[in-house]
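Dear colleague,

Please find below the structure I promised to hand over, followed by a summary of what was found in it.

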Amino acid sequence: MKLGLGIALVMLASSAVVHADAGDTFERKATGAVKVKDLDDVVWALTATCDKGDELQQRQCRLIRDARVKQLTGATLLVDGDANAFELGVWNGAKRSVAVTLTACIRCDGVQLDGRTWYLTGSPARQDGAKITAAPLFDTARQFPDEARAKKYLEVMKGARTQFVVRIPEKRRWLVGGKDGLLFEVLAWRVVVPCTGEVVIASPASGPADKDASVCAAGAASEPEAVPALTREMVREAMQPVMQGARACYAKYKSAGTARLELTIAGSGSVASYMQKGDFKGTPMGTCIDAAVSNVVFPPSQRPLTTIGFPIVLP
């Protein structure tokens with residue numbers, strides 16, 4: 001089996017973010033969402049048994065609980081994830097990269113309520129020793145020209161925050177390793193550097209977030225140095241996980257043909273827009289390749305937007 005590779009880099013002068021589907025953005029998913037900082041109220045409404053006190057107190061408790069559940073059912077919420085939901089590895093000199101992982105940990109450390117701990121996740125829960133974690137939403141390696149730039153990136157990413165747009169599904173309770181939890185349906189997510197408003201990664205694509213100057217430390221590190229422009233070699237290296245994913249898709253579906261990928265890359269290295277054309281669009285094979293593309297990130301560059309065409313020929 002072989003993969004054909006052809007890359008055409010087109011540099012754009014505009015700084016506007018372009019989306020393959022202008023309606024599918026983080027901002028649109030978050031429209032009308034209720035921002036929730038304290039999840040205790042939500043957890044109480046979804047778990048309260050209302051079995052304490054006398055009959056009148058229990059009845060009043062049930063009325064309040066049921067009214068709150070009615071409000072929450074189908075509602076869209078904007079919540080912050082755990083501080084460790086977004087994790088970065090160390091510099092890998094052999095691969096010239098840093099591992100980047102986002103798990104759907106909304107409250108993997110748990111929410112204490114009435115002497116009971118509830119763990120909140122946005123993907124299936126997993127037990128790692130005594131700890132609860134969640135299945136990853138994003139898992140890749142970010143490429144850097146050298147260790148110095150990787151270290152600058154790691155410094156800037158300190159304090160990055162994860163935001164989830166979620167909805168409460170009907171089937172939400174789970175039990176893993178004797179621990180109780182609640183599953184939320186994740187509609188969108190993004191990781192933000194609050195000091196600058198830079199969006200590190202997002203699904204679907206996101207414009208810049210509001211800046212929070214209050215968290216900017218005096219003398220904080222500047223953004224990682226960007227290369228003048230993405231080179232063909234940088235693109236090839238960044239797209240290696242996609243090519244590996246395409247091979248896995250072919251092994252599963254045995255569908256031959258050409259996928260023509262079109263990506264617009266923001267200066268930060270995140271994908272501002274993506275579209276697939278060619279033989280697999282609208283097929284299970286195409287969906288499988290789309291999933292592989294969702295994990296790709298590129299080195300930061302001085303170009304506001306870079307558009308690439310990336311054909312993959314299978315087998």
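Val-100 stands opposite Thr-140, a residue of strand β10. Please note that this is a predicted model. Strand β5 (residues 97-103) pairs with β10 in the antiparallel sense, over seven bridges.

These strands belong to an open sheet of three strands, ordered β4-β5-β10 and paired in antiparallel fashion. Its edge strands are β4 (86-92) and β10 (136-143), each of which pairs on one side only. From one strand to the next, the twist averages 15°. Helix α4 (residues 147-156) lies across β4, β5 and β10, and runs at about 160° to β4.

As to aromatic side chains, the count comes to two aromatic pairs. Phe-138 and Trp-189 form an edge-to-face pair, with 6.0 Å centre to centre and 70° between the planes. Because Phe-138 lies in strand β10 and Trp-189 in strand β14 (residues 185-193), this pair ties together parts that are 51 residues apart in sequence. Phe-138 counts as buried, at 2% relative accessibility, and Trp-189 is buried with a relative accessible area of 6%. Phe-144 and Tyr-153 form a tilted pair, at 5.0 Å centre to centre and with 50° between the planes; both residues, Phe-144 and Tyr-153, are buried.

Leaving aside neighbours within four places in sequence, Thr-258 is in contact with Lys-277, Gly-278, Asp-279, Phe-280, Pro-311, Ile-312 and Val-313.

With kind regards

How values were computed: Residues numbered from 1 in each chain as written. Predicted model: local features only at pLDDT ≥ 70, side-chain atom pairs only at ≥ 80, totals over all residues. Heavy atoms only, no water. Contact = heavy atoms within 4.5 Å. Pairing = 2+ DSSP bridges. Helix = DSSP H or I, 4+ residues; strand = E, 2+ residues; numbered from the N terminus. Axes fitted to C-alpha atoms, helices over the stretch in contact; angles between N-to-C directions. Phe/Tyr/Trp six-rings, centres within 6.5 Å; stacked < 30°, edge-to-face > 60°. Buried < 20%, exposed > 50% of the residue type's maximum accessible area, 1.4 Å probe, protein only.
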